[in-house]
Amino acid sequence: MEKILMTLDNFSSAIAENKAFVASGADISTIDGIKASGFPIIKAKVPGNTELDMMAAGMIDFDPFFGTDTLKMQDYENLHDIYFTTFDKPSCNAKLCFEGIDTIADIYINGVLVKSTANMYISHEVPLCGLKEKDNELVVHIKPVMIESRKWDLPVVCNSLTYGMASLYVRKAAHMYGWDIMPRIVSSGIWKPVYIKEVKEDCFKDVYIYTLGIDREKQTARLSVFYTLELSEDKTQDYSIRVVGECGDSKFESGQVLFSHCNRLEIDVKNCKYWWPRYAGEQNMYSVDIELLYKGEVVDTCHRDVGVRTTELVRTNTTDRDGNGDFCFKVNGERIFAMGSNWVPLDPFHSRDIERLEKSFDLLYDVGSNVVRCWGGNVYESDEFYTLCDKHGIMVWQDFAMGCAVYPQEQKFYDMLEEEVVFIIKKLRNHPSIVLWAGDNEGDYAYMSWGGMTRNPDKNIVTREVLARLCEMHDFTRPYLPSSPYITEETMRTGADTSEDHLWGPRDYFKGNYYKNTVCHFASETGYHACPSPKSVERFIPKEDVWPWYKPDGVAKDSWLVHAACMEVSPYAAFSYRIKLMADQVKTLFGKDPDNICDFAKQSQISQGEAVKYYIERFRISKPRRSGIIWWNIVDGWPQFSDAVVDYYFVKKVGYHYIKRAQAPICLMFDEPKNNVIDLYVANDTLKNRNFTYKVTNITDGKVVLSGGGCAFSNASTKLAQLAIEEEEKKFYLIEWTFDGETEVHKNHYFTNIIDIDYDAYMTALKKCGFDQFEGF
């Protein structure tokens, strides 16, 4: 195990515009050269971002999250940032480690170029040799990616979202160039820690412990420990490894003499304690210590926390209205209904992600999720994130970092991507929570039709060959999905629906034909807009623009457009439709436009809550025909009008509570009317039967209209009862249930014919149920 000897965080940086930098001819390989350049020098925080340092120094004197000031950040896309510091020679063999540099940089030590980087997602290491005893100089010259990207001409096969073409050859989070959920802030900086760590002559380079198979009846498992070592002595057989693992009263120990620096050791585990997703069982983790010994003496150690489990994806390319298809995760042989959120950027400045992680994850867990999809337009999350998912049983669908584009189909891009993907797989593959590698987000859509002609996505070499080969080579234990949604030659030839889909559609009435007639088994994206609370809106929209949201000509005000991710002030800009879309959704539900921001925000949040609740319940009721839904999304990455159910300031929209009730592991819910009858169902996502009693109350008159008892059968959706309703009635029903032997009352609700409804009547019913959980009003 390599020991960190010192952390480097006392940096300064020089800032220069590109033309001035080029014209100066400055030698920035040394600190004296940097100081002689005349470029302004400021304090640099590491981990940090260039733009945040400039704000702290007063060089950026506005709040990029307020009004239209986000657009001003485009003036800073041409900056060179030259970090520098000094360090003393470590007392042993060592290397310099950068966990993350954003993005294209040259690294100098004592005036000598020692490494160049071009990927923000991976770490970079530099062996340290020939150092002085004191005051060794470290310089990191980060170059402007918008200038550097001009070095790569794109082949005509490429396409992307409006603002993203410059991103395709730069391994940097795609959202930074502008997305429908994030602003265009093409940031830079040393965004992760920098440190010097010890280098041992004999050490573990890599250890991967994976499950070969389990026998649940016998409560056993077979594990494989695959290891790669650095060895200094000639005779390999003088080395051995020892592996010891423990989880409660389940223990194992094994070892072997080495005959190669790479090998595997298979271990049988008795009385095995399995790792399960949330609701299906416990999240047991084995504490495993691996020792490297030379002639019987320990020379290095490695620790892994191991979850013993198997995972597979049962899927077909297509499906139909009769359900002839499948897309379902199985863990330890059990079908798991997946419900949770897409995970989007936590902040435009990723050095701040870690500050927002705990609160964001707590929301994901509290709302009842058992799955999270790490979306491809983002960075790869921190180690802490995946550890939390392991601990709490949150299955991770992990996209590789590509989205909504056709990336270059040529060797130099494949080579860039391969370095990244091998690094990411090896870094993350020991986490049992990761159940899927996915090639990209909506890349098949982009390949098939976004270039103006219909093309077959199966010809995408990046996802069909490069990534598939790397996943098979470095982690064959998990399924690999080339794209989401995955569109095969069969799909194109037959015109059939895909078994997994993104359900955005027209974004009109949430119970309209598109949403009620979709046939996919698994929805990995779907959502609905909602306005943040007035107190939150006032933090990022100028007072004079808060209400109404539109100008006299009916077009959304500039500040509202910008905070719907329009990165130019134009009614024709990309994503300019989103504010009116949100307003139309409100009018559809309540029949008229509100006349103040408070009512608008509440009605918008109710609209979102009812929509996402409907999507979740529709999928849960039709289990096992449907097997999962990952909605968009838990929390915003910046202040905006969006599909998130918690805004950037961590203020919950009321829909958060609707979703939390709908995602209870055992939940009662009504299906949609058929012949003036609504069926009451109980969905149980646990692996145990539970008995309960229930009642359904018409909140308008207080009468109990249904009551009884039943059994929630394990891992199933079961019809309990039927309720006759009136033609075109608009009534609010409260559903309550209590499990046998418990006193806690669980609740859900259902509103019949929920379109063009009376706002005051709805609010009265909401208050009677205790569901008026609005924040920030």
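A residue counts as partly exposed when its relative accessible area falls between the buried limit, under 20%, and the exposed limit, over 50%. Asn753, with a relative accessible area of 26%, is therefore partly exposed. The model described here is predicted. Its chain has 777 residues, and 60% of them are buried. The secondary structure comes to 17 helices and 41 strands.

**Overall form**

- The chain has a radius of gyration of 28 Å, which agrees with the value near 28 Å for a compact globule of 777 residues.
- The C-alpha trace spans about 85 × 70 × 50 Å along its principal axes.
- Take the contacts in the chain with a separation of 6 or more: residues 24 or more positions apart account for 71% of them.

- Four strands form an open sheet in the order 17-16-19-20, and their pairing is antiparallel.
- Strand 17 (250-257) and strand 20 (297-306) are the edge strands, and each pairs on one side only.
- On average, neighbouring strands of this sheet are turned by 15° against each other, direction ignored.
- Strand 19 (residues 286-294) runs antiparallel to strand 20, and nine bridges join the two.
- Leu293 stands opposite Val298 in strand 20.

**Helix 14 against helix 15**

- The axes of helix 14 (residues 578-590) and helix 15 (residues 597-621) come within 9 Å and cross at roughly 80°.
- Angles from 65 to 115 degrees count as roughly perpendicular, so helix 14 and helix 15 are roughly perpendicular to each other.
- Helix 14 brings Met582, Ala583, Gln585, Val586, Leu589 and Phe590 to the contact, where they meet Phe600, Gln603, Ser604, Ile606 and Ser607 in helix 15.
- By class, this contact of helix 14 with helix 15 has seven nonpolar, four polar and no charged residues.

**Two buried residues**

- Met582 lies in helix 14.
- Its relative accessible area is 0%, so Met582 is buried.
- Beyond residues up to four places away in sequence, Met582 touches His529, Ala530, Cys531, Trp560, Phe600, Ser604 and Phe641.
- Met582 and His529 are 53 residues apart along the chain, yet their C-alpha atoms are separated by 5.7 Å.
- Ser642 is in the loop between strand 34 (628-631) and helix 16 (655-662).
- Leaving out residues up to four places away in sequence, Ser642 touches Tyr528, His529, Ala530, Gln608, Asp636 and Lys653.
- His529 and Ala530 are among the residues that Met582 touches, and Ser642 touches them as well.

**Backbone exceptions**

- Most residues other than glycine have a negative phi, and most peptide bonds are trans.
- A cis peptide bond joins Ser484 and Pro485, with omega about -10°.
- Pro485 sits in the loop between strand 30 (480-481) and helix 10 (489-494).
- Trp547 and Pro548 are also joined by a cis peptide bond, with omega about -5°.
- Pro548 belongs to the loop between helix 12 (534-540) and helix 13 (558-562).
- Asp135 has a positive phi, near 55°, and is not a glycine.
- Asp135 is in the loop between strand 9 (124-127) and strand 10 (136-142).
- With a relative accessible area of 47%, Asp135 is partly exposed.
- Asn753 has a positive phi too, near 50°.
- The loop that holds Asn753 lies between strand 41 (746-751) and helix 17 (759-769).

Definitions and conventions:
Residues numbered from 1 in each chain as written. Predicted model: local features only at pLDDT ≥ 70, side-chain atom pairs only at ≥ 80, totals over all residues. Heavy atoms only, no water. Pairing = 2+ DSSP bridges. Axes fitted to C-alpha atoms, helices over the stretch in contact; angles between N-to-C directions. Contact = heavy atoms within 4.5 Å. Parallel < 35°, antiparallel > 145°, perpendicular 65-115°, else oblique. Nonpolar A, V, L, I, M, F, W, Y, C, P; charged D, E, K, R; others polar. Rg over C-alpha atoms; globule rule 2.2 N^0.38 Å. Buried < 20%, exposed > 50% of the residue type's maximum accessible area, 1.4 Å probe, protein only.
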